[in-house]
Amino acid sequence: MQRFYDNDGFNFATLIALGSAYRGLADVGEVLATIERVPGGDREAWVREWSATADRLRAAADRDVEAGHRVSARTAYLRASLYYDHASSMAAGTSDPDRFDSLWEAHRDCWDRAVALWPVVEPISIAYEDTTLEGYWFSPSTASNEPRPTVILNNGSDGPVVAMWTQGGAAALDRGWNAMTFDGPGQGAALHRQHLPFRYDWEAVITPVVDHLCARFDVDARRIALHGVSQAGYWVPRAAAFEHRLAAAVADPGVVDVSSSWVQHLPQEMVAMLDDPKQKGDFDALTKAGTPPDVYAELQWRMAPYGTDSPFEAYRMARAMHLDAATIAQIRCPMLVTDPDDEQFWPGQSRELFDALTGPKELVRFTREEGANWHCEVAAQALRDERVFNWLEEAFERVTG
């Protein structure tokens, strides 16, 4: 596939934006015009130009609201929301790293403005420990009062809530199902507003979500599926091992060891240091001294959801996100695992998870010849929806058949 940037992060983010056009979260011309103004590796330019595109769209949407053009306002707000998140994601390492938060707030504000103009989506609140988690409920515009199959959309380590529309929300509604998404610890509002860090025991998050669904009149409690993308390829099987009310689960891709994407570039001497808590100071100093500024900026961004600015602590917390054979063996529901060519974060782990599963399972390949390679098949969202949701349809049919 032709590259837009030599920089892997910039190139992948561009593919995400282009793939999002499938469900109206981006416009191809806007994406191409924006990246033309961004030299490769220039984080300042990336933040500035994606913000400028988003600002223009938000202003247009505001004018459309005043003029009564509700549909046009909604579609412009949605695109602005995605573009603000693209800007936010590169703010670390720039002259104003606090834009990580302020641009995220702009992203969420545009999303919420779109939701207010969108009958199929509504905000929800999910009871969680001594607080609540923000979420969104998607229901078909022609929905009856009958209980329906429902898909829980579990985001990854850094995806925006708006991405859950193109990565499952729209596909569920196309089939007459419900869908919902939420900001778990370390994600979205739980990170930026509540400062809740990631946790390895994700069943503590999913069980309250399932409780919430089972209390709704419009949810068929026998047909609840958990669908996870990116780092949720770990969280989904982890939760499914302990939460047995799920009818099916999807991991896109499969992840058995989150930390492998962190440690694969470290020398073995530094990997060994992670076993000794006394090595924290030296490890942090070596990491900062030996990491190029642009790479360290991305590391800072990656560390934020772990609730720490210490690389040593973040690496050790990532290591706790590991699935062993005993945990995987506790998964009872059917599981689909995607396996894209050129998976850049957790290569080989989809097959590893699939081979370890002891219950009903299927591995679905996505190839570079189809344009469906790379992490989460970001440039092939239509094909991904077709394959994943065909499998979910069959899984739900087995429950009622």
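Colleague: In which hand does α4 pass α5?

Modeller: The crossing of α4 past α5 is left-handed in this predicted model. The two axes, of α4 (residues 70–88) and α5 (residues 99–116), come within 8 Å and cross at roughly 160 degrees. Angles over 145 degrees count as roughly antiparallel, and α4 and α5 are therefore roughly antiparallel to each other.

Colleague: Which residues of α4 and α5 meet?

Modeller: On the α4 side, the contact includes Arg70, Arg74, Tyr77, Leu78 and Tyr84. On the α5 side, the residues include Phe100, Leu103, Trp104, His107 and Trp111. By class, the contact of α4 with α5 has 13 nonpolar, 3 polar and 5 charged residues.

Colleague: At what angle do the axes of α2 and α3 cross?

Modeller: The axes of α2 and α3 cross at roughly 140 degrees and come within 9 Å. That makes α2 oblique to α3. The hand of this crossing, in which α2 passes α3, is right-handed. Glu30, Val31, Thr34 and Ile35 in α2 meet residues of α3, namely Glu49, Trp50, Thr53, Arg56 and Leu57. The classes represented in this contact of α2 with α3 are 4 nonpolar, 2 polar and 3 charged residues.

Colleague: Let us turn to burial. Which residues of helix α13 are buried?

Modeller: Buried means under 20% relative accessible area. In helix α13 (residues 293–303), the buried residues are Tyr296, Ala297, Leu299, Trp301 and Met303. Their packing partners are α3 (43–67), α5, α10 (260–263), α12 (280–290) and α14 (311–319).

Colleague: Where do Arg23 and Asp174 lie?

Modeller: Arg23 lies in the loop between α1 (8–19) and α2 (28–36), and Asp174 in helix α6 (residues 163–174), so the pair ties together parts that are 151 residues apart in sequence. Arg23 is buried, with a relative accessible area of 19%, whereas Asp174 counts as exposed at 54% relative accessibility.

Colleague: Which residue forms a salt bridge with Glu134?

Modeller: The partner of Glu134 is Arg108, and the closest N and O atoms are 3.1 Å apart. This pair links distant parts of the chain, with Glu134 in strand β2 (residues 131–138) and Arg108 in helix α5, 26 residues apart.

Colleague: In which helix do Arg351 and Asp355 lie?

Modeller: Both Arg351 and Asp355 belong to helix α16 (residues 349–356), where they are 4 residues apart, about one turn of the helix. Their side chains meet in a salt bridge of 3.5 Å, N to O. Arg351 is partly exposed at 40% relative accessibility, and Asp355 is partly exposed with a relative accessible area of 48%.

Conventions. Residues are numbered from 1 along each chain as its sequence is written. This is a predicted model: local features need pLDDT of at least 70, side-chain atom pairs count only at pLDDT 80 or more; totals for chains, interfaces and linings use all residues. Side-chain values use heavy atoms; hydrogens and water are left out. Axes are lines fitted to C-alpha atoms, for helices over the stretch in contact, and angles run from 0 to 180 degrees between N-to-C directions. Helices (H or I, at least four residues) and strands (E, at least two) are DSSP runs, numbered from the N terminus. Angles under 35 degrees count as roughly parallel, over 145 as roughly antiparallel, 65 to 115 as roughly perpendicular and the rest as oblique. A crossing is left-handed if the near helix is turned anticlockwise from the far one by less than a right angle, and right-handed if clockwise. Contact means heavy atoms within 4.5 Å. Ala, Val, Leu, Ile, Met, Phe, Trp, Tyr, Cys and Pro count as nonpolar, Asp, Glu, Lys and Arg as charged, and the others, Gly among them, as polar. Buried means under 20% relative accessible area, exposed over 50%, partly exposed in between (1.4 Å probe, protein chains only). A salt bridge is a side-chain nitrogen of Lys or Arg within 4 Å of a carboxyl oxygen of Asp or Glu.
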